[in-house]
Amino acid sequence: MTGYAQPVRTVVFGDSTRMEEMSRRQAQMDQLVEQKGKVTDADAIKAIDNLIRKLKQTMMVTLSGTITFQADGRPLSGAAIFVDGLKYGNNSDQNGRYYLQFPPGKYKVTVRYLGMVPISIRLAIYDNGVQDFEMSEKPEVLEEVVISATSQEDRIKEPISGMAKLNVTEIKRIPALMGEVDVIKSIQLMPGVNSVGEGSAGFNVRGGRIDQNLILMDGGQIFNSSHALGLLSNFNSDVVEDFTLYKGNVPAQFGGRASSVLDVRTRSGSFEKFKFRGGIGVLSSRLAIEGPIWKDHTSFLVGTRFSYSDWILKMVGNTDVRQSSASFYDVNGNITHRFSKKNTLNLTYYLGNDYFKYSQEFGYDYTTQLFNLKWKSILGDHWSSTFSAVSGSYASKLYDYNPIQAKSLSNGIDYNQLKEDVLFTVEGKHAVNFGVDMNYYGGRPEISNPYGNSSATVSKRVEKDRGREWGFYVNEEFTMSPKITISAGLRFSLFQNLGADTVYSYQPGVPKSVFTIVDTTYYSRDQVIQTYSGFEPRLSASYSISDHSSIKMSYNRMRQYIHLISNSTAATPVDIWQVSNPHIRPQVADNYSLGYFRNTDNKMYDLSAEAFYKTTQNLVEYKDFAQLLLNRHLETELLQGQGKAYGLELFARKNTGIWTGWVSYTFMRSFIQVAGASPAETVNQGKWYPTNYDKPHTFNLTASRKAGRTSRFGVNFTYSTGRPVTALTSSYLGGTTAIPVFSDRNQYRIPDYWRVDISLTINSVFKKFDDNLIFSIYNLFGRRNAYSIYYQQPEFSTIPESYRLSILGSIIPSITYNLSF
């Protein structure tokens, strides 16, 4: 393999006196072993074994230290460090620290991290030692590409099941819409993850809803993770360091959602020199600038993206499309100050905005903001602390341009968080996280105002609920034996629905409606209206069958106190985030998984098969034709039921070679049951029915191949079963009016979905620069994949006819030029 490596140097820990002491202990060990072979008394043998064990413990040495990125000093989490000859290694923790324990002697120690130059040292160690490593970035090598972010051995022994960790280097090889490297689109190529269709915001994990995913950027929650109504994500690849998706076992330090966690980390700027990187495309561009404010102490990073796609819309033949407009921008800011090697302060800011207008009919305008202050402190050899304070908001507006009914409707949510997390590690064998977090959710009022001078609408305002969520947790990862590794945790969550609010009481035994209100109770500001709480155990274990294979199993209980209220198939920007209250109970999910994981002897391939089963209580569903916006009695339109999901995930990845990539297949079913006390509060006669996002079969292939000395070819193929819909089965005339008759909920399906994308990346376009040119074609065969089926009554007919709605029903080519210097 062609690559880069730093010179190998020699490091010595322990002097000649220590070496002589170790030699004496080894001689004592040899004598005890010899003596043991000469005795037959069981008690004597046991006593000798105890002496040998104690002597072995005194003969072990510990090597520890921190692995950081040379350019900006940030710790590298998950860096692999190996001791050649012992078949032994470990990974750095979230603070970049590592611990190794082994017999004294001479070894070669190697440190690897994806995208970095490997470091090797010759180690002569006879006493405990501390060795830090600073890694530097390397150019991409096309002759052979390694796509694994962590070592194969660590993925086999890692106790957390259902975890996928990727970084930007890996996802840059995936063909993408508009040439944009995209976090959300890349995880949708992994098993167990899909979406309801093109142009839909959010993603579904193992049969869960989109609001059941906790999406974090540097620890702060993101409530809408998409730009362009779901075509791109909020995460700028120029500032993202790495991201981890937890879809099986979720460590106890994460809470508040019932399905998965997507943890995205952005990087700090360089402490040593100024750097610029960016890209120019046909629809959007981006720019990132970083560098030192105070060399070796304070750095900054600013990244931005913006689109200019209207010129393409003006070229479309359809008049409505020509009169439409679409744009987005986002800004990431980061300031990091190192007070010392042990204390770091980090400030991050994110602002994202989208605007979309369709002809003279409707439009959206939505904005996400996030501010995060984080203090990291290393308290000792085994202790570290991270304190964070987060403030965020999501605000949206819907515009209706109908001249008589023209109006703007705004809503949103404010969010604040305080969190203290403490990490305790013991020589790489134990890692204990414990801490507390507090989240405040404040729903912004729904406000409708007339839009334009000719509008006949009137203003309306509906206040929304507020809530406070506490979480107390402890989680430990430890090695029970050479074959068994365990991650065990416990979280206790408590939620309080807060005033000021007016709570309605309804007549028992009958459906809730404005006509069955029997009492009202007013609660003053910050008065506790309703409290929910409960324990959330988390357990995952890995049993190593051999050095190349393992079995993993996990169980999670997760509680969710905030819900996305939407009766559309895909989330829209004005859907409501609603906290739990006396009428809307929190969701409680129990997740089970069992999997087999293997890599081949030459470490070229990773293989896995994982089965999962999930039950969920208190899923929010809706009455037929529910009115959700500007509704002061929202609970009268909502129902709550139980859900279940189960499936099998198959995954095969090729890590090295001219061709790299992966293949994934997911069989998954997702159902819901709503059996209320009356027919008005029951769906489908109380029988189980498929969810909107139930897709039994999903297949993904992504591959990358060297093409010449400086180029790379990439291809994606994705297929999935069509999602369920509620179909119009017949209609009849009531006078001159056609009255439709619909099927049971979600009893039919839209056509199956498939798509092929390709890309060609040419590196070193100009020899003096670090640059590349990306040609990509999204939807190579121009397939008009159905997003939905809708019905319209023809002009000269009383019978509605069905029509297919396609979001991206044509070939979308793009060219992007990227430059870094």
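**Strands, rings and charges**

Biologist: Which residue in β18 is the bridge partner of Asn213?

Modeller: Strands here are DSSP runs of E of at least two residues, just as helices are runs of H or I of at least four, and both are numbered from the N terminus. Strand β13 (residues 213-217) runs parallel to strand β18 (residues 260-266), and five bridges join them. In β18, the partner that Asn213 meets across such a bridge is Ser260.

Biologist: What pLDDT do local features need in this model?

Modeller: Residues are numbered from 1 along each chain as its sequence is written, and side-chain values use heavy atoms, with hydrogens and water left out. The model is predicted, so totals for chains, interfaces and linings use all residues, side-chain atom pairs count only at pLDDT 80 or more, and local features need a pLDDT of at least 70.

Biologist: Which strands stand at the edges of the open sheet, and why is one side of each left without a neighbour?

Modeller: The sheet has five strands in the order β10-β17-β18-β13-β14, with mixed pairing, where two strands count as paired if DSSP finds at least two bridges between them. Each edge strand has a single partner, so one of its sides has no neighbour in the sheet, and these strands are β10 (163-167) and β14.

Biologist: Is the ring pair of Phe223 and Tyr415 stacked or edge-to-face?

Modeller: The structure holds 29 aromatic pairs, a pair being rings of Phe, Tyr or Trp (its six-membered ring) with centres within 6.5 Å, and planes under 30 degrees apart counting as stacked, over 60 as edge-to-face and the rest as tilted. The centres of Phe223 and Tyr415 are 5.9 Å apart and their planes stand at 75°, so this pair is edge-to-face.

Biologist: How many residues apart in sequence are the parts that Phe223 and Tyr415 tie together?

Modeller: Both residues are buried, which is to say under 20% relative accessible area, while exposed is over 50% and partly exposed lies in between (1.4 Å probe, protein chains only). Phe223 and Tyr415 also belong to one aromatic cluster with Tyr441 and Trp577. Phe223 lies in the loop between β14 (220-221) and β15 (226-227), whereas Tyr415 lies in strand β26 (residues 407-426), so the sequence separation of the parts they tie together is 192 residues.

Biologist: What is the angle between the planes of Trp383 and Phe424?

Modeller: Trp383 lies in strand β25 (residues 383-400) and Phe424 in strand β26, so their pair ties together parts 41 residues apart in sequence. Trp383 is partly exposed at 37% relative accessibility, and Phe424 is partly exposed at 24%. The pair is tilted, with a centre-to-centre distance of 4.5 Å and an angle between the planes of 40°.

Biologist: How many residues apart are Glu649 and Lys247?

Modeller: A salt bridge is a side-chain nitrogen of Lys or Arg within 4 Å of a carboxyl oxygen of Asp or Glu, and the side chains of Glu649 and Lys247 meet in one at 2.8 Å, N to O. Glu649 and Lys247 are both buried. Glu649 is in strand β39 (residues 638-654) and Lys247 in the loop between β17 (240-246) and β18, at a separation of 402 residues.

Biologist: At what distance are the closest N and O atoms of Asp694 and Arg749?

Modeller: Asp694 is buried at 0% relative accessibility, whereas Arg749 is partly exposed at 34%. They form a salt bridge in which the closest N and O atoms are at a distance of 2.5 Å.

Biologist: How far apart in space are Met480 and Ala541, C-alpha to C-alpha?

Modeller: Met480 is placed in the loop between β29 (466-479) and β30 (484-498), and at 53% relative accessibility Met480 counts as exposed. Met480 and Ala541 are 61 residues apart in sequence, and their C-alpha to C-alpha distance is 9.9 Å.
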